[in-house]
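Subject: Structure for you to look at

Hello,

Here is the structure I said I would pass on. Please open it next to this message, and my notes follow below.

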Amino acid sequence: MSAKITIIGAGSVGSTIAYTLAMENSGASEIVLIDINKEKVLGEVMDIAQGTFFRDPVSIVAGDYEDAKDSDIVIITSGIARRPGQTRIELTQTNVNILKDITPKIVAVAPNAKYVIVSNPVDIMTYVFTKISGIPESHIIGSGTILDTARLRYGLSEHYKIAQKNIHAYVFGEHGDSAFIPWSLTDISGAPMERYAEIMKGTMDFEPLDREAMTEYVHKAGGEVIKRKGATFYAVSASVCQLCSLLLASSDSVATVSTMMHGQYGVDDVCISTLTLVGPEGVKCKLPVALTEEETEKLHQSANTLKDVISQINL
Ligand SMILES: NC(=O)c1ccc[n+]([C@@H]2O[C@H](COP(=O)([O-])OP(=O)(O)OC[C@H]3O[C@@H](n4cnc5c(N)ncnc54)[C@H](O)[C@@H]3O)[C@@H](O)[C@H]2O)c1
């Protein structure tokens, strides 16, 4: 498929997504990058376009909203990035106000697009966009914990010294401090984590898995990168480009993304990440997998954390 993809926000995240889409044969034949900083967006587009000789033809332009007309996918990354020590929640109202500004302009020209929300706090931004945009819920996907899930699989693959594709493990909940790992859903090629270590004993010996330390690694991964280089953008861009390829694929796939809840697991009227079927029609449904009582309770706590923020913002 040859898709038109618009990215709003040409900062570290938006530009890296544009670069990745332009360099990989990703299914994007037209990329539009929009930002209020006109010089920056033009510079980014010039830099990316000058490397496109090395792939199949692709059009990439620094545009305005009318250039986004009939986009297949719109990715929203505009906003203010989290500063060291700053919580995602503190950013909320500023980024919500930016979203309220851009939403009517983009939905007027791209009413049929699938919208991928990346700006933080992503679950709140996804909720706000769902409430104000008029776009069908099935076309609104918050990147949610797809990045946290990627970080978890990286961490587990380092621990068990096995390729990430052989690991099934997920992060559920808020993309933030209340995210949690439903350990009951994890396995390595069909064997529960600890069982895998037993099976492999003598061939490969592993330290016992410290679940709390792994959860903390996932929680702190973004902050650790920001502390060292000021922002995170490669891993999130890889996650968002993967999400685009799921939307452009011919069949559905499972991803941990943030979408509106309608009573699943007893959670309602909040956008949060659980296993979700995503594909060419957008969001098909949440997968109602069995969680333990403790995991369900953690999901409720995470949802309540988000609802508490929603109650404090000006929609
Ligand atoms: N969901 C995730 O997993 C994840 C991961 C990393 C970063 N983020 C978030 O992505 C967002 C972007 O991060 P970044 O590092 O690229 O930030 P950045 O500051 O580098 O870029 C943000 C861009 O948004 C632009 N912008 C601001 N207001 C705008 C408007 N009204 N219209 C168009 N553009 C506008 C700015 O000019 C800037 O170029 C932040 O909210 C950040 O927290 C999300």
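I will start at the ligand, where an oxygen atom lies 3.2 Å from an N or O atom in the side chain of His 175. Keep in mind that this is a predicted model.

A nitrogen atom of the ligand is 2.9 Å from a backbone N or O atom of Val 118. An oxygen atom of the ligand is 3.1 Å from a backbone N or O atom of Asn 120.

The shell around the ligand holds 26 residues, and those that come nearest are Ser 12, Val 13, Asp 35, Thr 77 and Val 118. By type, 11 residues of the shell are nonpolar, 12 are polar and three are charged. Helices H1 and H3 (92-109) each give the shell at least two residues. The largest share, four residues, comes from H3.

Next, the strands. Which strands does E2 pair with? Strand E1 (residues 3-8) runs parallel to E2 and is joined to E2 by six bridges. Helix H2 (residues 38-49) forms a right-handed β-α-β unit with E2 and E3.

Is E2 (residues 28-34) largely enclosed or largely open? Five of its seven residues are buried, so E2 is largely enclosed by the rest of the structure.

On E1 there is another pairing: E1 and E4 are parallel, with four bridges, and Ile 7 stands opposite Ile 75 in E4. Strand E4 (residues 73-76) pairs in turn with strand E5 (residues 114-117), in the parallel sense and over four bridges. In that pairing Ile 75 stands opposite Val 116 in E5.

Which way do the side chains of E4 point? Ile 73 and Ile 75 point one way, Val 74 and Ile 76 point the other way, and all of them are buried.

Regards

Definitions and conventions:
Residues are numbered from 1 along each chain as its sequence is written. This is a predicted model: local features need pLDDT of at least 70, side-chain atom pairs count only at pLDDT 80 or more; totals for chains, interfaces and linings use all residues. Side-chain values use heavy atoms; hydrogens and water are left out. Buried means under 20% relative accessible area, exposed over 50%, partly exposed in between (1.4 Å probe, protein chains only). Two strands pair if DSSP finds at least two bridges between them. A crossover is right-handed if, with the strands pointing away from the viewer, the path from the first strand over the helix to the second runs clockwise. A residue is near a molecule or strand if one of its heavy atoms lies within 4 Å of it. A polar contact is a pair of N or O atoms within 3.5 Å; within protein, one must be able to donate a hydrogen and the other to accept it, and residues adjacent in sequence count only if both atoms are side-chain atoms. Ala, Val, Leu, Ile, Met, Phe, Trp, Tyr, Cys and Pro count as nonpolar, Asp, Glu, Lys and Arg as charged, and the others, Gly among them, as polar.
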